[in-house]
Amino acid sequence: MAKLLFYDTETTGTNYMKHSIIELSGIIEIDGEIKETFEYVVRPHAKAAIEPAALKTNGHKFEDLPTYPEMPRVHQLLTEALSKYVDKYDKKDKFHLVGFNNRGFDDNFLRMFFNLCNDDFFGAYFWADTIDAMVLASKYLVDVRHEMPSFKLHRVAKTLGIAVDDSKLHEALYDSVLAREIYYAIETESLL
């Protein structure tokens, strides 16, 4: 049974050791069927550095951050959603994390989020070998990569023929949807 969590984070910067998640969204999929989606905003942890450039990119406003739910509450909501589909005490029952550049970025922030919430069960919910749609796309688009001006999420999606609403980029749930579409565009072609 394939349990996939397509997800994305928006953050206050690029360093998971000093910045914080401020938006966490995803799509829970079991055997190709979407079971539910989630979309949370998160108050940054107390010691988080907040980069104006990051907020400009993701569209969050500095003055709104203190009004977001605190990490423990969002963590509770997330783990309640995950626990509907996996048993954290069963070592053979976990989600594959799937995103775009998640291996080098989002996975670190998500693991830190669990650490900051004093939850040692990150590895009980997720397999260690995550799936990165950016890496899959890199191999798939190797013959046209030199023609692409960048390898960002929207550029890869457009190159694969996926319609992109540029006004929704950096909304975590929308980025999760695009990562899922990239994943399936490549998987479908690979099966042909």
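Start your tour by selecting helix 3: of the elements lining the largest cavity, helix 3 gives the largest share, four residues. What you have open is a predicted model.

**Stop 1: the cavity**

Now select His19, Ser20, Ile21, His45, Met71, Phe109, Met112, Phe113 and Leu116, and you will see the lining of the largest cavity. The space inside comes to about 40 Å³. How many cavities of 30 Å³ or more are there? The count is one.

Just past the end of helix 3, click on asparagine 118, where phi is positive, at about 55°.

**Stop 2: the largest nonpolar core**

As a general background, nonpolar side chains tend to be buried together in soluble globular proteins. Here, the largest nonpolar core holds 26 residues, and the members that touch the most others are Leu5, Ile28, Leu78, Phe95, Leu110, Phe113 and Phe126. Which elements each supply at least two residues of this core? Helix 2 provides the largest share, with five residues.

Zoom in on leucine 5 next. Leaving aside residues up to four places away in sequence, leucine 5 touches Ile27, Ile28, Phe38, Leu82, Phe95, His96, Leu97, Val98 and Phe126.

**Stop 3: salt bridges**

The whole structure contains six salt bridges.

- Pick lysine 3 and aspartate 93: they form a salt bridge whose closest N and O atoms are 2.5 Å apart. Lysine 3 sits in strand 1 and aspartate 93 in the loop between helix 2 and strand 4 (96–99), so this pair ties together parts that are 90 residues apart in sequence. Are these residues buried or exposed? Lysine 3 is buried, and aspartate 93 is buried too.
- Pick lysine 84 and glutamate 36: their side chains meet in a salt bridge at 3.2 Å, N to O. This pair also links distant parts of the chain, with lysine 84 in the loop between helix 2 and strand 4 and glutamate 36 in strand 3, 48 residues apart. Lysine 84 counts as exposed because its relative accessibility is 55%, while glutamate 36, at 18%, counts as buried.
- Pick glutamate 33 and lysine 35: a salt bridge joins their side chains at 3.5 Å, N to O. Glutamate 33 has 45% relative accessibility and counts as partly exposed; lysine 35 has 37% and also counts as partly exposed.

**Stop 4: histidine 170**

For the last stop, select histidine 170, in the loop between helix 6 (153–159) and helix 7 (172–191). With a relative accessible area of 33%, histidine 170 is partly exposed. Which residues does histidine 170 touch, not counting residues up to four places away in sequence? They are Glu10, Glu23, Thr57, Asn58 and Asp175. To finish, draw a distance line from histidine 170 to threonine 57: their C-alpha atoms are separated by 7.1 Å, although the two residues are 113 residues apart along the chain.

Note on methods: Residues are numbered from 1 along each chain as its sequence is written. This is a predicted model: local features need pLDDT of at least 70, side-chain atom pairs count only at pLDDT 80 or more; totals for chains, interfaces and linings use all residues. Side-chain values use heavy atoms; hydrogens and water are left out. A nonpolar core is a set of buried Ala, Val, Leu, Ile, Met, Phe, Trp, Tyr and Cys residues joined through side-chain atoms within 4.5 Å. Buried means under 20% relative accessible area, exposed over 50%, partly exposed in between (1.4 Å probe, protein chains only). Contact means heavy atoms within 4.5 Å. A salt bridge is a side-chain nitrogen of Lys or Arg within 4 Å of a carboxyl oxygen of Asp or Glu. On a 1 Å grid over the protein atoms alone, a cavity is a set of points where a 1.4 Å probe fits but cannot get out, and a pocket is an open set with protein on both sides within 12 Å along at least five of seven lines; lining residues have an atom within 4 Å of a point. Grid points are joined across faces, edges and corners, and a volume is the space filled by probe spheres set on the points.
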